[in-house]
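Hello,

Here is the structure I promised to pass on to you. Please open it alongside this message, and I will walk you through what turned up.

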Amino acid sequence: MSKTKVDSTGIDLSDNFAFTGTVSGTPSTFVKTGALTSTTDAGSYSLDSCFSATYLNYFVTFKFAVAADGSEGYLRFRTGGSTNSASKYMSYNHYGQNSGNPGYSQNNSSDHAKLGYDLEATDTKAIQGFMYVFSPYSTTYLTNATTHFNAITQGGNRRFYIGGVQFDDTTSFDGFQLTPNTGNGSLVDLHCWGRQE
């Protein structure tokens, strides 16, 4: 590989640059492991084979809209193309909102983790956010996720959530699913990266 040496005053770092390959010399690197985009109504959207033994932890961005006002957004993990609906999900999400009244949503020993409730059924007002997923493929550690996302309720409140999810077992997962509590979703845009140490 050829190298070009540039003086420190020779690059305007405020410009945009395009490159291919992997950035090195950083503490960690993110490698894309999966993506799913759909604007077709469906009862669930699954991203399989995005977790593996190659990486311990993952960064996920998500956008998810429901087809019926007032629905909730659920997260479940998957193994080998099957959704795990064991009652071992714990989740807690605290939110602030534009009306000034903070709140939270939680569930314990449930068959899902909750990502928002009382949602607006408009694609342009979808839940949007990210989560770090820790040790999903491991059979030694519990699977945990730290969530951070924004949502709009059917009443128009803008909610800003932070929280967490835990699956209370050392089950190995290779994917995950987003689904409404009832009816269909109407849009999904999922991207997953493995964190290379």
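A nonpolar core is a set of buried Ala, Val, Leu, Ile, Met, Phe, Trp, Tyr and Cys residues joined through side-chain atoms within 4.5 Å. Buried means under 20% relative accessible area, exposed means over 50%, and partly exposed lies in between (1.4 Å probe, protein chains only).

Some background first. This is a predicted model, where local features need pLDDT of at least 70 and side-chain atom pairs count only at pLDDT 80 or more, while totals for chains, interfaces and linings use all residues. Residues are numbered from 1 along each chain as its sequence is written, and side-chain values use heavy atoms, with hydrogens and water left out.

Now the core. The largest nonpolar core has 32 residues, and Leu75, Phe77 and Phe176 have the most contacts inside it. Its largest share, 5 residues, comes from strand 3 (residues 57-66); strands are DSSP runs of E, at least two residues long, numbered from the N terminus. Leaving aside residues up to four places away in sequence, Phe176 touches a set of residues that includes Leu75, Phe77, Arg76 and Arg78 (contact means heavy atoms within 4.5 Å).

Two of those arginines come up again among the salt bridges. The structure holds 4 salt bridges, each a side-chain nitrogen of Lys or Arg within 4 Å of a carboxyl oxygen of Asp or Glu. In one of them, Asp48 meets Arg78 at 2.7 Å, N to O. Asp48 lies in the loop between strand 2 (45-47) and strand 3, and Arg78 in strand 4 (residues 73-79), so this pair ties together parts that are 30 residues apart in sequence. Asp48 is partly exposed at 30% relative accessible area, whereas Arg78 is buried at 8%.

Another salt bridge joins Asp111 and Arg76 (3.5 Å, N to O). Asp111 sits in the loop between strand 7 (103-110) and strand 8, and Arg76 in strand 4, 35 residues apart. Here Asp111 is partly exposed at 28%, and Arg76 is buried at 13%.

Strand 9 (residues 127-134) gives the largest share, 3 residues. Phe130, in strand 9, is partly exposed at 31%.

Best wishes

Note on methods
Helix = DSSP H or I, 4+ residues; strand = E, 2+ residues; numbered from the N terminus.
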